[in-house]
Amino acid sequence: MRRLCFTVDLDRDVNDAVIGKAAAISMDRGQGTEPRFSSSEKGAGIIMDLMDDLGMRCTFFAEARTLRKTGVGRTISKHEVGLHGLDHEDFTGARTKVMLGHGEMREITERAMVMIRDDVGRSPRGFRSPYMDPNEEMLDFLHEYGIVYDSSRYEYVSRNTDVRRSEAYGLMEVPVPKAEDASGKTITSYLWPMHEGKRGYRDFVDLGNRIYEGTYVVCTHSWHMAETRGGGVMDAQEIRENYDRVRSVLSDLIDCGYVPQTCEEAVRGTLSRA
Ligand SMILES: [Zn+2]
């Protein structure tokens, strides 16, 4: 069986890390770096339309602040909602040089879990670290908060790329594939370069077709449905064209025999086979 897990990081608009601050900012468009949420909110709505259009469910990895600020919790609750930090923290400190202590990471986790549960009506089961850069100490305690899987690591794609049990943290692992394309350039299943006009949708269908049996995790950001880093806020036509490209990735994969599932469903399916 081939499972297609479409995942959407519900982030503040065009998020960025800054030295000296664990929380993420939004890219400065001339009005400062205070986090903005309008493209993320709009993008979440566009994703909802797309999921209805294709008759499928997806997984949102929500930073709790953005979930609260956009007010989309109830709307997206028909999909899976996982955890993506409270304020899009850089948990390893690699980008911000802020080293969060063990207690601080637990406090952030607890607060974010409560906010997401309140807004969505269910507790997250999955985790994706901001920047795809998890702190190992944090992975080690996440199961205490009801998290059952992590999807924060890239892994070279193989014929059998799939969900699996991670030895180290007591979590299931839902890997995000990467590969070298025909010209030797690295590609991951983040649709980022497609939104920014640097790759076509077929690149992401081809990547999925390197998996013969297993799970293909495709990733994007809510804001990336309504704004690009290079081009700013999209107009109506750009939104439609961007929507069509994302739709093409997903519908082509479904035509290739991929069955859409949430990450949680893929994890449960793997557990029941074990
Ligand atoms: Zn993120």
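Predicted model: local features only at pLDDT ≥ 70, side-chain atom pairs only at ≥ 80, totals over all residues.
Which residues is Asn-242 in contact with, leaving aside its neighbours within four places in sequence? The legends below begin with that residue.

View 1. Residues are numbered from 1 along each chain as its sequence is written, and side-chain values use heavy atoms, with hydrogens and water left out. Asn-242 is placed in helix H8, helices (H or I, at least four residues) and strands (E, at least two) being DSSP runs numbered from the N terminus. With a relative accessible area of 0%, Asn-242 is buried, where buried means under 20% relative accessible area, exposed over 50% and partly exposed in between (1.4 Å probe, protein chains only). Leaving aside neighbours within four places in sequence, Asn-242 is in contact with His-195, His-224, Met-225 and Met-234, contact meaning heavy atoms within 4.5 Å.

**View 2. The crossing of helices H7 and H8.** Two packed helices are described by the angle between their axes and the distance between the axes. The axes of H7 (residues 201-208) and H8 (residues 236-255) come within 9 Å and cross at roughly 25°; axes are lines fitted to C-alpha atoms, for helices over the stretch in contact, and angles run from 0 to 180 degrees between N-to-C directions. That angle makes H7 roughly parallel to H8, since angles under 35 degrees count as roughly parallel, over 145 as roughly antiparallel, 65 to 115 as roughly perpendicular and the rest as oblique. H7 passes H8 in a right-handed crossing, the term for a near helix turned clockwise from the far one by less than a right angle, with anticlockwise giving a left-handed one. From H7, Tyr-201, Phe-204, Val-205 and Gly-208 meet Arg-245, Ser-248, Val-249, Asp-252 and Leu-253 of H8. The residues of this contact divide into five nonpolar, two polar and two charged, where Ala, Val, Leu, Ile, Met, Phe, Trp, Tyr, Cys and Pro count as nonpolar, Asp, Glu, Lys and Arg as charged, and the others, Gly among them, as polar.

**View 3. The crossing of helices H1 and H8.** The axes of H1 (residues 38-54) and H8 come within 11 Å and cross at roughly 45°, which makes H1 oblique to H8. H1 passes H8 in a right-handed crossing. On the H1 side, Lys-42, Ile-46, Asp-49, Leu-50, Met-51, Asp-53 and Leu-54 meet Ile-239, Tyr-243, Val-246, Arg-247, Leu-250 and Ser-251 in H8. Eight nonpolar, one polar and four charged residues make up the contact of H1 with H8.

View 4. The buried residues of H9 are Cys-263, Glu-264, Ala-266, Val-267, Gly-269 and Thr-270, and they pack against strands E1 (2-10), E4 (59-62), E5 (80-83), E7 (149-150), E10 (172-173) and E13 (214-221). A search of the whole structure finds 21 salt bridges, each a side-chain nitrogen of Lys or Arg within 4 Å of a carboxyl oxygen of Asp or Glu. One of them joins Arg-273 to Asp-162, with the closest N and O atoms 3.9 Å apart. Because Arg-273 lies in H9 (residues 263-273) and Asp-162 in the loop between strand E8 (154-156) and strand E9 (164-165), the pair ties together parts that are 111 residues apart in sequence. Arg-273 counts as exposed at 53% relative accessibility, whereas Asp-162, at 16%, counts as buried.

View 5. The side chains of Glu-173 and Arg-164 meet in a salt bridge (3.7 Å, N to O), in which Glu-173 counts as buried at 12% relative accessibility and Arg-164 as partly exposed at 32%. Arg-199 forms a salt bridge with Asp-203, their closest N and O atoms being 3.0 Å apart; Arg-199 counts as buried at 13% relative accessibility, and Asp-203 as partly exposed at 28%.

View 6. Tyr-131 is found in the loop between strand E6 (126-127) and helix H5 (136-142), as Met-132 is found in the loop between E6 and H5. Most residues other than glycine have a negative phi. Phi of Tyr-131 is near 65°, a positive value, and phi of Met-132 is near 50°, also positive. Met-132 is buried, with a relative accessible area of 12%.
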